[in-house]
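Subject: Structure handover

Hello,

I am passing a structure on to you. Please open it first, then read the notes below.

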Amino acid sequence: MFHIYATVAFLYVALRFIYPLPLATGWRLLIGLVLLAASKYHMLILAFTGTMYSPEVPYWVAYSAGWAFTGFALLFAFVLVLDLGILLTRLVRRRASSRRALAKWRYGVAALAVVVSGFGVAQATRVPDVRQVDIQIPGLAPALDGFRLVQLSDLHISVLFPEPWVEEVVTRTNALSPDLVVITGDLIDGTLQARATDVRPLAKLRARDGVIAIPGNHEYYFGNEGWMAKFREAGMHSLINQHEVVGDTRGQLVIAGITDKVATRYGGSAPDLDLALRGAPADAPIVLLNHRPAGIDQATAAGVDLQLSGHTHGGMIRGFDQVVAKANEGFVSGLYRRAGLQLYVSNGSGLWNGFPIRLGVPSEITEFTLRAVPSGRWVAMWSESMACVALLFLKGFSSHEEQDHEPCIQGGRCGALEFRGGGDPRQGDQGSRQGRGVHGQTPAGVQGRAAVRGQERQDRSFGAASRRCLAQSMNIVCAPV
């Protein structure tokens, strides 16, 4: 389908940009051939190198080809916007613009596409800056308050992100002196032989509690088992539906990692959170590493406190990120909260060389500082919760809008609240999600963990909901539990 979309885009550009240009036929044919080659970039590299994901060509070729394709993509978008402007102008003025004026506009959008795409490719291929994020983790032991965890994601080490770039990323990461480094997939693009030199700097990553990596979809394209073995040789711990416990007797943190959903196509194991958490201490907070920002309901039910993901590259272009979000369960970049679980989606440190552009969505090395929730907050949450319960009973549950919903309190547990009426449920850090109760949805293998920690999670969800309840005048109904 991708090649079909590219062909349709080229035909539109040929009809609405190339053909109307006031140039000799030879020049228009030449421009058409250049844009056709740019639009067929992926098909060409597939034909000449055998793969769309890692063309083994010189750096300047990969850079120029990426610039050409992104320039073509932006030209298509700009010509489409220009045509909409022309249509609106005709409707308002009831007359067509002159050919000379339209020619100037077409030259203008072409120049803009070249300049903006060039800037975007430069932004995409630079060494990422550090982004600092504080995360409060309920149940985190005081001894782990201030625990510093660095996430790298979507490095996509390739001809476009070679050894010197990787070396600088490692240097910036080590300069943070992290307690733990985690890498959430898509470390590479290429075979073991092709990337042998480029991945060497990864062995220099240093953290007090080590370096943990999980596979993304791209590892499976190039032999995941071989790459995981290579990463272990470099001193990393690879988690394949497994977990590790970091910390000591004063406080522990479970780090769980699952596979990518494409694994089964290549003879690997499907993502299995049940298996990954089997045997984990029930009273320790859980950080889940999942390459894709997916499976949030299951992670919430399993008692996961923080999920770290990547895969989306943050959407790469501001505005286009909303399209990417729709393909990833509504998540694309930054911090989200949903029914007690916190999800962070990294913009990625690198990206795939097939669309190497960033506009308003910078790459990142993410430094998390984990914070224990102050004990005094629990008293406040319960007070607010009880106030909200009283408000709910005062409002009553007998209106016709609420008859299909069960009470919030069942068996001594508080279900999360769904708000209807004023306010936007998406408000909050990068678009917080409204919560729903998860009773009866716990996977069999983690029922013991959920039983121990489920009450705590429901209390947190209810406390947060009650604060919003008291802060806004809304119509409140209970979500099914």
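Here is what was found in it, topic by topic.

**Ground rules**

This is a predicted model, so local features need pLDDT of at least 70, side-chain atom pairs count only at pLDDT 80 or more, and totals for chains, interfaces and linings use all residues. Residues are numbered from 1 along each chain as its sequence is written, and side-chain values use heavy atoms, with hydrogens and water left out.

**Confidence**

pLDDT is the predictor's confidence in each residue, on a scale from 0 to 100. The protein averages 82. At least 70 is reached by 78% of the residues. Two stretches need care. Residues 397-445 stay under 50. In the model, that stretch has 110 contacts beyond four places in sequence. A contact means heavy atoms within 4.5 Å. Residues 456-481 are also below 50 in pLDDT. They have 89 contacts beyond near neighbours in sequence.

Helices (H or I, at least four residues) and strands (E, at least two) are DSSP runs, numbered from the N terminus. Two strands pair if DSSP finds at least two bridges between them.

Strand S2 covers residues 147-152. Five of its six residues are buried. Buried means under 20% relative accessible area; exposed is over 50%, and partly exposed lies in between (1.4 Å probe, protein chains only). S2 runs antiparallel to S12, with five bridges. Gln151 has Thr366 in S12 as its bridge partner. S2 also joins strand S3 (residues 180-184), through four bridges, and here the strands run parallel. Leu149 is partnered with Leu180 of S3.

Strand S4 (residues 211-214) is parallel to S5, and two bridges join them. Ala213 stands opposite Ser238 in S5.

**Around S11**

Strand S11 spans residues 341-345. Five of its five residues are buried. Leu341, Leu343 and Val345 point one way. Gln342 and Tyr344 point the other way.

S11 pairs with S9 and with S10. The S9 pairing is parallel, over four bridges. Leu306 stands opposite Gln342 there. The S10 pairing is antiparallel, over five bridges. Arg337 has Gln342 in S11 as its bridge partner.

S10 and S11 form a hairpin with two residues between them. Ala339 sits in the turn, with a positive phi of about 50°. At 13% relative accessibility, Ala339 counts as buried.

**Another positive phi**

Most residues other than glycine have a negative phi. Met316 has a phi near 70°, a positive value in a residue other than glycine. Met316 lies in the loop between strand S9 (306-309) and helix H11 (321-326). Met316 is buried, at a relative accessible area of 10%.

**Ser363**

Where is Ser363 placed? Ser363 is in the loop between S11 and strand S12 (364-372). Its relative accessible area is 4%, so Ser363 is buried. Leaving out residues up to four places away in sequence, Ser363 touches Arg126, Pro128, Asp129, Gly348, Ser349 and Arg358.

**A helix crossing**

Helix H2 (residues 25-39) and helix H4 (residues 59-93) have axes that come within 8 Å. The axes cross at roughly 105°. Axes are lines fitted to C-alpha atoms, for helices over the stretch in contact, and angles run from 0 to 180 degrees between N-to-C directions. H2 and H4 are therefore roughly perpendicular to each other. That term covers 65 to 115 degrees; under 35 is roughly parallel, over 145 roughly antiparallel, and the rest oblique.

H2 brings Leu35, Ala38 and Ser39 to the contact. H4 brings Ala68, Phe69, Phe72 and Leu75. These residues divide into six nonpolar, one polar and no charged. Ala, Val, Leu, Ile, Met, Phe, Trp, Tyr, Cys and Pro count as nonpolar, Asp, Glu, Lys and Arg as charged, and the others, Gly among them, as polar.

Best wishes
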